[in-house]
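Grab a pencil and have the viewer ready.

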Amino acid sequence: MRPLLKLENVSKVFRYGFFGFRFRAVDDVRIVIEDKPMIFTIAGESGSGKSTLAKLILRIYRPDHGRILFMDRNIYEIGDKEFRKYIQPVMQDPYASFNPMQKPIRYLRETLVNVAEVDDEKEVEKIMDQTLSYVGLNPTEVKGKYQHEFSGGELQRLSIARVLLAKPKIVIADEPVSMLDASIRMNIINLFKKIKDDLGITFIYITHDLATAYYMSDEIAIMFRGTVVEYGRSRSVLSHPLHPYTQALQESLPEPDTKKRKRWMEKKVRLGEYVEEEEFAVKGCKYVFRCPYAMSKCKTTPPPYISVNGVEVRCWLYAEGGG
Amino acid sequence: MSVKTNAALKAVDVYGEYVISPEISIKAVNNVSIELQRNEIIGIAGESGCGKSTLIKVLYGFMDPPLTAKGKVILEVANSYYIDILSVTEDYRRENIWWKNVAYIPQNSMNVLNPFMRIGDHFSEVLCKHLKISKEEAYKIAEEYISTMGLRKDVLKAFPHQLSGGMRQRIVVALALQLKPNIIFADEPTTAVDVILQKVLLQFLTEKQKELRNTLVLVTHDMGVHAMMTQRMIVMYAGQIIEEAPTENLFEEPKHPYTQALIRSLPRLGDESPKMGLGGAPPDLKNPPLGCKFHQRCPYAVDVCRREEPPLIEYEKGWKVRCVLYSGR
């Protein structure tokens, strides 16, 4: 089957400072997203390159190496207008997503006219009302209001409604609930799941929250310092992590369950001596400075993508004959 | 006013209000009474804007202009010598209370160090002021102290930008603890750090609390952190305490409808059951609703909830809840 989105050895190098120091924000990422409705999570800590990866897929940044293929076509060979029909973003900060001087509804109307190319005025209003009700908003109320009159949750629903109007194949959601209150986060996440099931849209969901990722996603990629260290079905990656980094993440996650406290407290984490810049610069595995299983070849040779029970993991521990 | 022997701090009917203009004021903390016991880790939970940070500021006695406070915060300064933090002057607090008795770890703690000062100067500044000693002596004390905290001595010579975020956060914790305060307020100490570093910091805090046997007040919205760290919890909503309970009980069978919804909505690893969030949004604290602050979102709301504000009822010993559902007992 032809994959929906394929990232082939994608790298992005940023330069900074007077001498043009370089660091690889995204380093040799290979991901295949199959053409079926699902939620694909890209998880990682701040500075892992997950947002840069999202921007690469959205064509905000151009990759320095590698290609991004949408239905076997390089995304840079697709026209602007067509591209926007396929891939749409939901941003992190709902308050900054809309122009405060205009009514948000105008933005929605423009999307419908320009991207979805609906000309008939009655048709525009009809589709808009349907979509707004679908995301759980009252169309007549929305139309009279400015951005500051909405709550964060409502604005995020509006962003989602705007995305749906374009009828995309892929929606990229970059930390869409991190600015919202805990009690309403789940509503937005459930809305994503519902859209996936009803409309067959594939979501690329970017987050640092592993518990939410487990709850909502079908597949997950764990990123560390620009590389994907492990990816596969989220159940197996998060329940039985293979890569030492994923294992450390899973063990340090504080869970809302007091029964797990004793284990969490007793298990100490080793935070090795490391400097962030060194981690980005190292030739081999980026996790080598902190890894309890580090070998000599980890520092010099980057581990390949190794398939273990359907999960792709980049660690020499799982190499044939190695370990 | 007397304080029970085991209480490190007692707050009675505390109000915190941001007065923006004569007409507009935000009532961020409303009629809060709590007691902090010695040698315990107590958590304050709630969503953003529920008043948990303001409460901490009032308890610490740090009121920046728009914030005004009412009520009594009684603290034992020396053996059976009690003062009300809110009635003394700021100079007095600076001289006698802050750092020595009560310490504060602010939000974003990795960015609070002065970028023009070496780490050692941060330590010696506090030591010189409070112990009335020279800078050289202070440096010696700081050197010894920092190695007991499990940090290398040469960090004292470094500038903040030369250290990693995690190191800086540990230094801020070490700074707060250096005069062995009785109470530490930690306001979201681990937001904006990754989970591995978060665990290192939280374990560091717990270890130090066990050593000093003092009170650690942990303010965070992350219920996972509460479950792993705290012994007792306070849940706040719209400026009020709505539930106060031992942490285990709170997670096992929360009583207040808001706490119930909050805990039920939390995703966990290995749990695939569907989760539901709450509808609506927290009330506007500029003009809070009549009656129970939660009634607009509450599935069990009855008529009386819209009219009268429920009192904080003692459900069991050490378990208080602000809801009419439990008043008939």
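**Exercise 1.** Which residue stands opposite Arg232(B) of β9(B)?

Solution. Keep in mind that this is a predicted model. Start with the partner strand: β3 (residues 40-45) of chain B pairs with β9(B) in the parallel sense, over 4 bridges. Now look across from Arg232(B), and you land on Ile42(B).

**Exercise 2.** Work out how β9(B) and β10(B) are joined, and what sits in the turn.

Solution. The two strands run antiparallel, with 6 bridges between β9(B) and β10 (residues 240-246) of chain B. For a reference point, take Val235(B), which faces Glu243(B) of β10(B). Then go to the hairpin: 2 residues lie between the strands, and Ala238(B) takes a positive phi near 50°.

**Exercise 3.** Describe how α5(B) packs against α6(B).

Solution. First the geometry: the axes of α5 (residues 165-177) and α6 (residues 195-212) of chain B come within 10 Å and cross at roughly 15°. Angles under 35 degrees count as roughly parallel, so that is what α5(B) is to α6(B). The handedness of the crossing is right-handed. Next, the contact: α5(B) contributes residues including Val173(B) and Leu177(B), while α6(B) brings Phe204(B) and Leu205(B), among others. Sorted by type, the contact residues come out as 8 nonpolar, 2 polar and 2 charged.

Conventions: Residues numbered from 1 in each chain as written. Chains lettered and ligands numbered in written order. Predicted model: local features only at pLDDT ≥ 70, side-chain atom pairs only at ≥ 80, totals over all residues. Axes fitted to C-alpha atoms, helices over the stretch in contact; angles between N-to-C directions. Parallel < 35°, antiparallel > 145°, perpendicular 65-115°, else oblique. Left-handed = near helix turned anticlockwise from the far one by under 90°. Contact = placed C-beta atoms within 7 Å. Nonpolar A, V, L, I, M, F, W, Y, C, P; charged D, E, K, R; others polar. Pairing = 2+ DSSP bridges.
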